[in-house]
Amino acid sequence: DLTLLSKTKMTAQRQFRDIDLNFTAHPVTGDVAKKTGEAAIIQSLKNLLSTGRYERLMQPDIYSNLKQQLFQPLDNITASAIQNEVESVINKFEPRVDLTQVNVTPDYDNNGFSCSLTFFIRNQTNPITVELFLERIR
């Protein structure tokens, strides 16, 4: 029935895929392994946050100032600046996620910042929380 088909609403969830940036080999084929779904999105977010200015060929506008912020004093003011930078970069350059919360706190014992990201992948209902530790690396 044509009317039955028009009333049925089909919603397909997109499956996101990317290569594993650790370049691990697939156990069967020996090719570079793939990351899919949530793992591909998380890898993309980490990659985006660690990209400095002019590090992407042909895309000089995609970068974050996170590296520069990490060399500022370890305090709540810098944590707030890092939080604003993370929110800005993800909202601007990652259209597959809806960012709901970013918390950045200084970790004085480990000389870095604890960062917690909570977001939804578009067209999915379960929130995802990722914990990152941001530290200076020369």
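Reader: Is tyrosine 54 buried or exposed?

Author: This is a predicted model, in which local features need pLDDT of at least 70 and side-chain atom pairs count only at pLDDT 80 or more, while totals for chains, interfaces and linings use all residues. Residues are numbered from 1 along each chain as its sequence is written, and side-chain values use heavy atoms, with hydrogens and water left out. Buried means under 20% relative accessible area, exposed over 50%, and partly exposed in between (1.4 Å probe, protein chains only). Tyrosine 54 has 61% relative accessibility, so it counts as exposed.

Reader: What is the phi of tyrosine 54?

Author: Tyrosine 54 lies in the loop between α2 and α3. Helices (H or I, at least four residues) and strands (E, at least two) are DSSP runs, numbered from the N terminus. Most residues other than glycine have a negative phi. Tyrosine 54 has a positive phi, near 65 degrees.

Reader: Which loop holds asparagine 123, a residue with phi near 70 degrees?

Author: The phi of asparagine 123 is positive, in a residue other than glycine. Asparagine 123 is exposed, because its relative accessible area is 65%. Its place is the loop between β4 (112–121) and β5 (127–135).

Reader: What pattern does the chain follow along the sequence?

Author: The chain has four helices and five strands. Read along the sequence, they give α-β-β-α-α-α-β-β-β.

Reader: What share of the residues in the chain is buried?

Author: The chain exposes about 9800 Å², by the Shrake-Rupley method with a 1.4 Å probe. Carbon and sulfur atoms supply 49% of that area. Of the 138 residues in the chain, the buried share is 33%.

Reader: Why are α2 and α4 called oblique to each other?

Author: Axes are lines fitted to C-alpha atoms, for helices over the stretch in contact, and angles run from 0 to 180 degrees between N-to-C directions. Angles under 35 degrees count as roughly parallel, over 145 as roughly antiparallel, 65 to 115 as roughly perpendicular and the rest as oblique. The axes of α2 (residues 38–49) and α4 (residues 76–93) come within 10 Å and cross at roughly 120 degrees. The pair is therefore oblique.

Reader: Which residues in α4 do Leu45, Leu48 and Leu49 meet?

Author: Contact means heavy atoms within 4.5 Å. The three leucines sit in α2, and they meet Val86, Val89, Ile90 and Phe93 in α4.

Reader: Which residues does serine 44 contact, leaving aside its neighbours within four places in sequence?

Author: Serine 44 is in helix α2. With a relative accessible area of 16%, serine 44 is therefore buried. Beyond those neighbours, serine 44 is in contact with Glu94 and Arg96.

Reader: How far is the C-alpha atom of glutamine 69 from that of glutamate 85?

Author: Glutamine 69 is found in helix α3 (residues 66–69). At a relative accessible area of 21%, glutamine 69 is partly exposed. Neighbours within four places aside, glutamine 69 is in contact with Thr78, Ala81 and Ile82. Glutamine 69 and glutamate 85 are 16 residues apart along the chain, and their C-alpha atoms are separated by 8.9 Å.

Reader: Which residues does leucine 21 touch, not counting those up to four places away in sequence?

Author: Leucine 21 lies in the loop between β1 (17–19) and β2 (34–36). Its relative accessible area is 39%, so leucine 21 is partly exposed. From lysine 34, 13 residues apart in sequence, leucine 21 is 8.9 Å apart in space, C-alpha to C-alpha. Leucine 21 touches Gln43 and Asn47.
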